[in-house]
Amino acid sequence: MPSPTPHEALIYLMVITSASDRDMTDVELARIGDVVRSWPVFEDFKQDRLVPVAQACQKLLQEKDGLEGVLAQIAEALPERLHDTAYAVAFEVAAVDLEMRMEEVRVLQLIRRKLDLDTLTVAAIGRAAKARLRTLT
């Protein structure tokens, strides 16, 4: 299978984060769609490709190398300048339900290690996402 494009790699990150606890919730799936529709990094991505790209990621996760293989492809596909954006899209999906499960935390740890992100960048992304997603009630 060919290497993913940067857009596909970003979508793969959202899919693996959502699927990490074996329960891709409607809230998480809706957030993935929102991110693809509204974040500038996706402005030239054809939105009708979202489902096929997500399905391709799920197939890759079933292969021998599984999650590690997908993360390696993602790291290879993304230019370094998008590493913080990549972590941000993954964190966005993990935090959308305001409840971070241990499996999601573990996947986020793997992502930040694979993308070689520093602690301050990770903390800033996490804090910004939590603040953005907080409700009054």
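The model is predicted, so local features need pLDDT of at least 70 and side-chain atom pairs count only at pLDDT 80 or more, while totals for chains, interfaces and linings use all residues. Residues are numbered from 1 along each chain as its sequence is written, and side-chain values use heavy atoms, with hydrogens and water left out.

**Annotated stretch**

UniProt, in an unreviewed entry, lists residues 7–122 as "domain: Co-chaperone DjlA N-terminal"; such annotations may be inferred rather than shown by experiment. Over residues 7–122 the chain is 70% helix and 0% strand. Here helices (H or I, at least four residues) and strands (E, at least two) are DSSP runs, numbered from the N terminus. The end C-alpha atoms of this stretch are 21 Å apart.

**The largest pocket**

A pocket here is an open set of points on a 1 Å grid over the protein atoms alone, where a 1.4 Å probe fits and protein lies on both sides within 12 Å along at least five of seven lines; lining residues have an atom within 4 Å of a point. Grid points are joined across faces, edges and corners, and a volume is the space filled by probe spheres set on the points. The largest pocket has a volume of about 260 Å³. Its lining includes Ile16, Arg22, Met24, Gln58, Leu61 and Glu103. Helix H1 (6–19), helix H3 (50–62) and helix H6 (102–114) each give two or more residues to that lining, and H3 supplies the largest share, three residues. By class, the lining has six nonpolar, three polar and two charged residues. Ala, Val, Leu, Ile, Met, Phe, Trp, Tyr, Cys and Pro count as nonpolar, Asp, Glu, Lys and Arg as charged, and the others, Gly among them, as polar.

**Aromatic pairs**

Rings of Phe, Tyr and Trp (its six-membered ring) pair if their centres lie within 6.5 Å; planes under 30 degrees apart count as stacked, over 60 as edge-to-face and the rest as tilted. The count comes to two aromatic pairs.

| Pair | Type | Centre to centre | Between planes |
|---|---|---|---|
| Phe42 and Phe45 | edge-to-face | 6.1 Å | 70° |
| Tyr87 and Phe91 | tilted | 6.1 Å | 45° |

Tyr87 and Phe91 both lie in helix H5 (residues 83–95), four residues apart, about one turn of the helix. Both of them are buried (under 20% relative accessible area; exposed is over 50%, partly exposed in between, with a 1.4 Å probe and protein chains only).

Phe45 is in the loop between H2 and H3 and is buried, at 6% relative accessible area. Beyond residues up to four places away in sequence, Phe45 touches His7, Ile11, Val36, Leu50 and Val53, where contact means heavy atoms within 4.5 Å.

**Single residues worth a look**

Arg31 lies in helix H2 (residues 26–38). Arg31 is buried, with a relative accessible area of 18%, and, leaving aside neighbours within four places in sequence, it is in contact with Glu92, Val96, Arg132 and Leu133.

Asp116 sits in the loop between H6 and helix H7 (119–133) and is exposed, at 68% relative accessibility. Its phi is near 55°, a positive value in a residue other than glycine. Most residues other than glycine have a negative phi.

Leu98, in the loop between H5 and H6, is exposed at 52% relative accessibility. Leu98 and Arg134 are 36 residues apart in sequence and 7.7 Å apart in space, C-alpha to C-alpha.
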